[in-house]
Amino acid sequence: LPSAGSVLSSFGCACAQRQDQDGDPAAGDTCRWLVDGFPFTPEAPCNLPAGVATKGAEVVCEFTPHDGTSAGPTATSGTMTILNAPPEPPEPTVTPDAGGLSTPLTCGIGTPGTDPDGDGLTYQYSWVVSGYENTGATAATVVPGTLIRDAGGTPATTADSVWCRARSHDGTSLSSPADSPHVVLGNSPPAEGVALVTPATVTELDTVTCEATGAVDPDGDAVSWTYAWAVDGEVVPGATDPTLTGEHFDKGQSVRCVATPTDGTAAGPPVNSKNQVTIGNALPAVSAAVVSPDEAPQLGTFSCAWSGWSDPDPADPPTVTFQWFRLDAGALSPLAGATGSALSASVLAKGDEAVCVVTPVNGSQAGASATSNTVRVVNSLPTIASVAVTPPGGGVCATYTCVPAGLQDLDAADTPLVS
């Protein structure tokens, strides 16, 4: 018998030491086969056809020589155990059938392999780039950019052909390799990167910027960015610049950007900004404050008016505060409690000068103040409550005296005189 074989093998039985003393030819030699102890007689007695003995079976041949007249003694062969038969390869596929260096490619099995012994099969993979087999790339799915195209370690590049090589495995033996259809690598779009909205503190007076960096292009192409903006989650129509002005947002709204990397041929996945900014309060302003009259005595009243309200936040109502100041050698000294639009001159002294400061406010936040013209407290005329003549009557020789009563001057520093 042969020294080894599988279910795919046919076996012949012969006796190398056969001799005939009469020199007669081998006219009627016979063979009896035992497969796992069970006798089997094939059509050609000394030839056991393939498929009769399966993997693991023990085969023995009993050979009996015959010269046409008489039979000689039977010789029994050694036992031969049927070995594993290797499987047939599968027909692999690659999906998708087009892509670039960053496109994951998956090796699938279009038509499974077969095994002559009926063993269950698994599959082993490798990946080939333009004829060079990456034996270490054994996963069913790979990213072509991680493969090499030659023994020198040159990375795969655009226009390389990539395919999957698959082998069936029955637990003991591998099949011959089979190759999938080829995928020719095309352009790969850039990916990844980070986008940030700056500055972090913003009002309606500001312009925000989308700062996008860090995208990687597998082909080494130059990367640029396109932009979109969202305010309170709604896309801003036509806003495609890297900046966005305050005309598109109001106080209290949130602003976010989306940046998309492109290599000029294909765009990569959009990158949402890592942050969003909430629009803060923009301070209001008034353009002018005016006090009238320019001069008043202590019995008079000064009135402060303002004009030119402006607030970038249109929803904020015009609100102002007043504070009156006395000028002391050019310095402003606040008058306690003088926080209304009117000021009684009686809180000042003759000759004092004062100004009104109007401050626009949003809640607790104050804008730029406007300072009024300077006004002055002028002299207050003295007053007499009554005048009496004494004596109330008399002759032509009498002396009369004019006696004033209730003489008063509101200017404390003045001493009232009568004439």
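Rings of Phe, Tyr and Trp, the last taken by its six-membered ring, form a pair if their centres lie within 6.5 Å. In this predicted model, a search of the whole structure under that criterion finds one aromatic pair.

**Stop 1: the aromatic pair**

Select tryptophan 306 and tryptophan 309. Their ring centres are 6.3 Å apart and their planes meet at 55°, so the pair is classed as tilted. Colouring by accessibility shows tryptophan 306 as partly exposed, because its relative accessibility is 31%. Tryptophan 309 is likewise partly exposed, at 21%.

**Stop 2: the disulfides**

Next, display the cysteine side chains. The structure holds five disulfides. With the bonded cysteines of the protein chain numbered in sequence order, the pairing reads 1-4, 2-3, 5-6, 7-8, 9-10. Three of these links are visited below.

**Stop 3: cysteine 31 and cysteine 46**

Select cysteine 31 and cysteine 46, which are joined by a disulfide with an S to S distance of 1.9 Å. The link is right-handed, with 90° about the S-S bond. It connects distant parts of the chain, 15 residues apart: cysteine 31 belongs to strand S2 (residues 30–35), whereas cysteine 46 sits in the loop between strand S3 (38–40) and strand S4 (47–48). Cysteine 31 is buried at 7% relative accessibility, while cysteine 46 is partly exposed at 22%.

**Stop 4: cysteine 107 and cysteine 164**

Move on to cysteine 107 and cysteine 164, whose disulfide has an S to S distance of 1.8 Å. The torsion about this S-S bond is about -70°, so the disulfide is left-handed. The two ends lie in distant parts of the chain, 57 residues apart, with cysteine 107 in strand S10 (residues 105–111) and cysteine 164 in strand S14 (residues 161–169). Cysteine 107 is buried, with a relative accessibility of 4%; cysteine 164 is buried as well, at 0%.

**Stop 5: cysteine 210 and cysteine 257**

Now select cysteine 210 and cysteine 257, a disulfide with an S to S distance of 2.1 Å. A torsion of about 60° around the S-S bond makes the disulfide right-handed. Cysteine 210 is part of strand S18 (residues 207–213) and cysteine 257 of strand S22 (residues 254–262), so the bond ties together parts that are 47 residues apart in sequence. Cysteine 210 is buried at 3% relative accessible area, and cysteine 257 is buried at 0%.

**Stop 6: cysteine 15**

Finally, select cysteine 15. The closest cysteine sulfur, in cysteine 13, is 8.3 Å from the sulfur of cysteine 15, too far for a bond, since a disulfide requires sulfur atoms within 2.5 Å. Cysteine 15 is partly exposed, at 29% relative accessibility.

Note on methods:
Residues numbered from 1 in each chain as written. Predicted model: local features only at pLDDT ≥ 70, side-chain atom pairs only at ≥ 80, totals over all residues. Heavy atoms only, no water. Phe/Tyr/Trp six-rings, centres within 6.5 Å; stacked < 30°, edge-to-face > 60°. Buried < 20%, exposed > 50% of the residue type's maximum accessible area, 1.4 Å probe, protein only. Helix = DSSP H or I, 4+ residues; strand = E, 2+ residues; numbered from the N terminus.
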